[in-house]
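Please read the briefing below alongside the sequence and the coordinates.

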Amino acid sequence: MTTAPSPLLLPDGRPAAQAWTLSPALRHLNHGSFGAVPQVAQLEQQRLRAEMDRAPVVWFPALPRRVAEARAVVADFLRVDAADLALVPNASGGASVVYGSLPARPGGEVLVTDHGYGAVTMGAQRLARRWGGSVRTARVPLAATAEQACAAVLAGITDRTALIVVDHITSATARWMPVAEIGAAARRLGIPLLIDGAHVPGLAEDPLAGLEFDVWVGNLHKFGCAPRGASALVVRSGLRDELHPLIDSWAAEAPFPERFDTQGTIDATSYLAAPASLAFVERTWGWRTARGYLHALADYAERIVGEAVTALTGESAAVDVGMPVNALRLVRLPAGLAGTRVEADALRDRAAAELGVEVAFTSFGGVGYVRLSAHVYNTAADYEYFADRCVPALLSWARSRARS
Ligand SMILES: Cc1ncc(COP(=O)(O)O)c(C=O)c1O
């Protein structure tokens, strides 16, 4: 039986959460959606902004060099070559870079999965429309093993497939996808592969080891806790010569990745402050210890919340996601809740307003789930609160919905 891990503390003995500025009026169980920035990194970003505003004409010419320095730190964190990594504002932007840079393929298909992040899939649809082609969606059962998931994706390949887009960790279903196997097959077939690794930085020690892909993008502002607007775009193919940043600027004729270091007049302090977050977790607990804690805490969270739902509904709320993620877990909601994404988002807003909890609700295949995140500032008490106070409320909302 999974037990609650002891809370992580700061070196002076205070709870880890004291290093963040999250509202004490809310339980924050949704690191996965928008992250949470430790105060030390917020202060670093404020310091950088003050420097920018004191002498903008000194700041901007020196900015590309400082972005390149931040890029090297991020590359080190992800264990990739700095020459393969550019900084982009977010995972969505990284996907847009790929969609905007790929050579035209008239009539080409973009292969996505039904677990894909909606906004990234919408970008794929726009690309396919531009090509006069279409998007094909591979259906991957929620509980698919690595082999089954890989087979489901590969079954969607046709002779028109011009790009595969697959998540490394999925958003609505909180599972890994077998990107190593998919990447090897894509490379064999010569089909470009974009891996959406939005949730990955921070959750795996060496996340890109042995992977074959054309482009991988991962947010530093999720589990890496960086200020928002900092993502890594990693390239491992000749596509590097085609890729251009979202904003055409003075470095447009420089090679990859330097041409991403100049983006006109923009506030790039999120890039420069990202290393402060990565370093804070490393020096306070070490990322490896932090990951061990998140894993143990998420095990506990999944168990107690699942048991609470099961006890009240009489139906098992346990979910098999095939390839579970250390810090993100699903529990099935009482029937009638979060059957669609719009309903799931409305439930999120209601839970924040009425139950004092920030948590993600997701929908997959018409079934609603609560997606629990764990980070170092969370403790067992957060999920006990959810199990004891929020689950009964959710059940009563489901029942009143069923009656109306
Ligand atoms: C799988 C996946 N891709 C892309 C995104 C979008 O991230 P961003 O809003 O930082 O672009 C998310 C956000 O949750 C995600 O989960």
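Alanine 338 counts as buried, with 27 C-beta neighbours inside 10 Å (buried means that 20 or more other C-beta atoms, placed from the backbone, lie within 10 Å of the residue's own, exposed 12 or fewer, and partly exposed in between). The model is predicted: local features need pLDDT of at least 70 and side-chain atom pairs count only at pLDDT 80 or more, whereas totals for chains, interfaces and linings use all residues. Residues are numbered from 1 along each chain as its sequence is written.

**Backbone features**

- Phi of alanine 338 is near 55 degrees, a positive value in a residue other than glycine, and alanine 338 is placed in the loop between β9 and α10 (341–355); helices (H or I, at least four residues) and strands (E, at least two) are DSSP runs, numbered from the N terminus.
- Cysteine 225, in the loop between β7 (215–219) and β8, has a positive phi near 65 degrees, again in a residue other than glycine, and is buried with 28 other C-beta atoms within 10 Å.
- Phenylalanine 256 and proline 257 are joined by a cis peptide bond with omega about 0 degrees, and proline 257 lies in the loop between β8 (231–235) and α8 (269–284).

**Domains**

- The chain is divided into domain 1 (16–34 + 287–403) and domain 2 (41–280), with bounds that come from an automatic or database domain assignment.
- The C-alpha centres of domain 1 and domain 2 lie 27 Å apart, and 23 residues of domain 1 are in contact with 20 residues of domain 2 (contact means that C-beta atoms, placed from the backbone, lie within 7 Å).
- On the side of domain 1 that touches domain 2, the elements that give two or more residues are α1 (31–34), α9, β9 (328–332) and β11 (360–364).

- Leucine 233 touches Leu85, Ala86, Val88, Gly94, Val97, Val215 and Val217, when residues up to four places away in sequence are not counted.

Methods
Two residues are in contact if their C-beta atoms, placed from the backbone, lie within 7 Å.
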